[in-house]
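Subject: Structure for your review

Dear colleague,

Please find below the structure that I am handing over to you. I would be grateful if you would look through it together with the notes that come after it.

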Amino acid sequence: MTQSIYEPSSLRGNLFVVWDELVKNMKFLMAYPVIFIFWALFPILWFIPFILQGQAFVGGLQSANFAQITGSGEYIPFIVIGAVLNSYVNTLLYGMGENIRREAYQGTLDYVFAAPCNKAYVLIGKALSESVSSTIFAASQLTISALLFGMNLTLGVLLPVFFIVILLILGLYGLSLVLAAFSLMYKQSHDVSETIGYIFYVFSPVRYPIESLPTGAQIIGKLIPLTYALIIVRAIMLLGTSLSAMYWEIFALIIIDVVFLLAGFYMFNWMETKTKKSGTMSHH
Amino acid sequence: MEKNKEKYRLREVKCPTGVNWTNLRAELSAIWQSNIKAWKIDFAYPVSFIRQLISPIVFMLPYILYGLVLIGGRYSENLAQLVGTGDVVAFIFTGYIMMGFIGTAVWAMGFSMRREQWFGTLEAIYVTPASRLGQVLGMALHSTVHQGVGTIMQFIFIYATFGLALNVSGILPALAIFALMMFALYGFGIVIAALSLILKEGWIVSDSFYSIMTILSPVAYPLIVLPTLAQQASYIFPTAPALIGIRTFLIQNYVPEVVSNVFLHLIILSAAWILFGVLVFHLTDKYVRKRGMLKKF
């Protein structure tokens with residue numbers, strides 16, 4: 001008697017799916033060492049102009065006006081933290097949509113979706129691999145920046161920061177699921193992810209404090225998970241604030257995460273059903 | 001049968017060759033058609049087109065807002081000490097308009113051949129009786145106009161939001177400097193286009209050059225805040241002398257941080273980069289065809 005492959009998947013089986021997806025994506029990454037080195041090093045060059053701009057405008061490493069708004073006059077760590085956390089946005093937002101698209105290019109998307117497993121676990125595997133690679137890149141950028149610009153990194157600071165990064169990643173998972181859904185249906189999610197990237201870049205305090213934006217822009221900024229992550233991480237790293245003192249921002253971040261994740265899974269399931277019905281899954 | 005053969009004989013096309021007016025006209029026509037093709041592709045994706053038009057504003061805003069927060073206004077004493085003018089908005093705007101044109105050279109021109117490869121049309125273009133450089137120059141023309149429209153939008157936005165005080169009388173010489181800079185950037189773009197034929201993950205080369213040129217160009221800071229070695233390295237790219245020259249003509253009281261003949265510097269750079277670019281492209285073109293690498297991804 002042949003065994004049906006359509007047996008309900010066990011949790012262990014599904015965890016294998018997550019693990020294998022993670023391993024597959026890491027193998028892809030390691031197969032192109034130049035790309036790996038590029039993402040680990042080059043984002044540092046993107047924020048160096050802001051540091052040089054600071055030196056030209058204030059003539060030192062401290063800005064009195066910056067201190068009035070943010071509580072710390074040191075603009076270099078402010079810029080470094082903004083850039084490192086923003087790199088998660090770059091890799092996760094573009095990565096997930098492109099990951100699905102890459103399966104289509106490679107001709108493996110149909111097989112992935114025909115596999116007898118819950119597709120949510122495939123997505124979790126993809127999201128995990130993006131998170132692991134993003135964290136490796138962020139860690140290398142932060143370490144190099146700490147060595148170059150003399151930032152203080154201790155375990156007592158890094159542990160709560162890591163917790164906040166996980167919360168940020170969860171919110172970004174939600175958004176990237178929406179993008180992956182767009183990718184399935186409309187094939188080119190690139191413009192949508194770029195536009196979301198623009199909104200994050202302008203309305204979140206990546207390069208400047210959120211208080212410097214007009215009120216309307218600040219309201220938009222407060223709907224973005226990156227805004228809260230940046231506020232909390234900067235408070236911990238630059239002002240020495242404890243995690244418990246930031247309970248309101250953490251609560252807001254968790255609420256945004258839940259909303260984005262629910263919206264992401266709903267959108268993805270909806271689009272998956274639609275593409276399966278229309279037979280456009282493997283279209284480019 | 002013989003009659004059929006005669007009837008369906010392929011039409012012979014006489015292609016002008018050599019250095020003559022007819023050939024030049026034909027090559028210019030190929031460049032123009034390549035430019036038209038790029039516009040048609042642009043208009044086929046209106047969302048992407050609009051996004052690309054607003055992106056210069058999106059990426060310039062952080063420089064301005066960050067600058068304003070640093071000094072708590074738009075006048076920087078320290079900047080005034082360095083270059084004679086403290087207006088950070090005018091300083092950043094005149095610097096940032098160049099960034100998009102660096103992108104023209106590095107991305108639009110550099111990736112023109114690679115894009116054709118993705119579309120599956122590179123080999124078809126290669127067998128047409130026209131110079132391969134025409135494709136790259138057509139993209140350069142398209143991208144320069146595209147970026148020009150983006151720059152006008154940047155200007156309108158900055159003028160409406162912050163106000164701008166620029167020397168109107170300096171616009172013509174500034175445009176002359178800009179034109180010289182673009183020639184040198186075109187040469188640079190041809191080099192990148194040639195590299196993208198060999199290096200299949202050429203975006204890394206483009207992004208690396210773009211990042212390095214951004215640092216070496218005095219976009220949001222004067223050249224003198226860079227270390228001496230970096231200052232010297234910036235002289236081989238056209239953006240640093242061009243920015244200093246353009247600011248000298250456009251911003252009142254601006255004192256150039258490096259005193260040199262900007263026009264002469266840019267003429268030499270333009271000639272050098274274009275000659276180097278054409279040479280590298282020619283050699284690469286021969287190499288990839290010999291090795292049969294055109295189809296490889």
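Predicted model: local features only at pLDDT ≥ 70, side-chain atom pairs only at ≥ 80, totals over all residues.

Chain A as a whole

Chain A contains 12 helices and zero strands. The C-alpha trace of chain A spans about 75 × 40 × 35 Å along its principal axes. For 284 residues, a compact globule would have a radius of gyration near 19 Å, and the 21 Å of chain A agrees with that. Of the 284 residues in chain A, 39% are buried. As to contacts in chain A between residues at least 6 apart in sequence, 81% of them join residues at least 24 apart.

One helix of chain A deserves a separate mention. Helix 7 of chain A covers residues 119–149, which makes 31 residues. From its first C-alpha to its last it reaches 44 Å, close to the 45 Å expected at 1.5 Å a residue. Gly150(A) follows this helix, and its phi is positive, near 65 degrees.

Where the two chains meet

In the contact between the chains, 33 residues of chain A meet 34 residues of chain B. On the side of chain A that touches chain B, at least two residues each are supplied by helix 2 (33–41), helix 3 (43–58), helix 4 (64–70) and helix 9 (190–203) of chain A. Helix 3 of chain A gives the largest share of that side, with 12 residues. By type, the residues on this side of chain A are 22 nonpolar, eight polar and three charged.

The nonpolar core

The largest nonpolar core has 146 residues, and those with the most contacts inside it are Ala229(A), Val233(A) and Met109(B). Helix 5 of chain B (residues 88–109) provides the largest share of this core, 16 residues. Leaving aside residues up to four places away in sequence, Ala229(A) touches Leu85(A), Ile164(A), Leu167(A), Leu168(A) and Leu253(A).

Helix 3 of chain B

Helix 3 of chain B runs over residues 46–71 and has 26 residues. The distance from its first C-alpha to its last is 39 Å, close to the 38 Å expected at 1.5 Å a residue. A kink of about 35 degrees lies in this helix at Ile54(B), shortly before the proline Pro56(B). Pro56(B) is buried. Other buried residues of helix 3 of chain B include Met60(B), Leu61(B), Tyr63(B), Ile64(B) and Ile71(B). After the helix comes Gly72(B), with a positive phi near 70 degrees.

The C-alpha atoms of Pro129(B) and Leu175(B) are separated by 35 Å, the two residues being 46 residues apart along the chain.

Yours sincerely

Notes. Residues numbered from 1 in each chain as written. Chains lettered and ligands numbered in written order. Helix = DSSP H or I, 4+ residues; strand = E, 2+ residues; numbered from the N terminus. Expected span 1.5 Å × (residues − 1). Bend = angle between axes of the 7 residues up to and from the residue. Buried ≥ 20, exposed ≤ 12 C-beta atoms within 10 Å, placed from the backbone. Contact = placed C-beta atoms within 7 Å. Nonpolar A, V, L, I, M, F, W, Y, C, P; charged D, E, K, R; others polar. Core = buried A, V, L, I, M, F, W, Y, C linked by C-beta atoms within 7 Å. Rg over C-alpha atoms; globule rule 2.2 N^0.38 Å.
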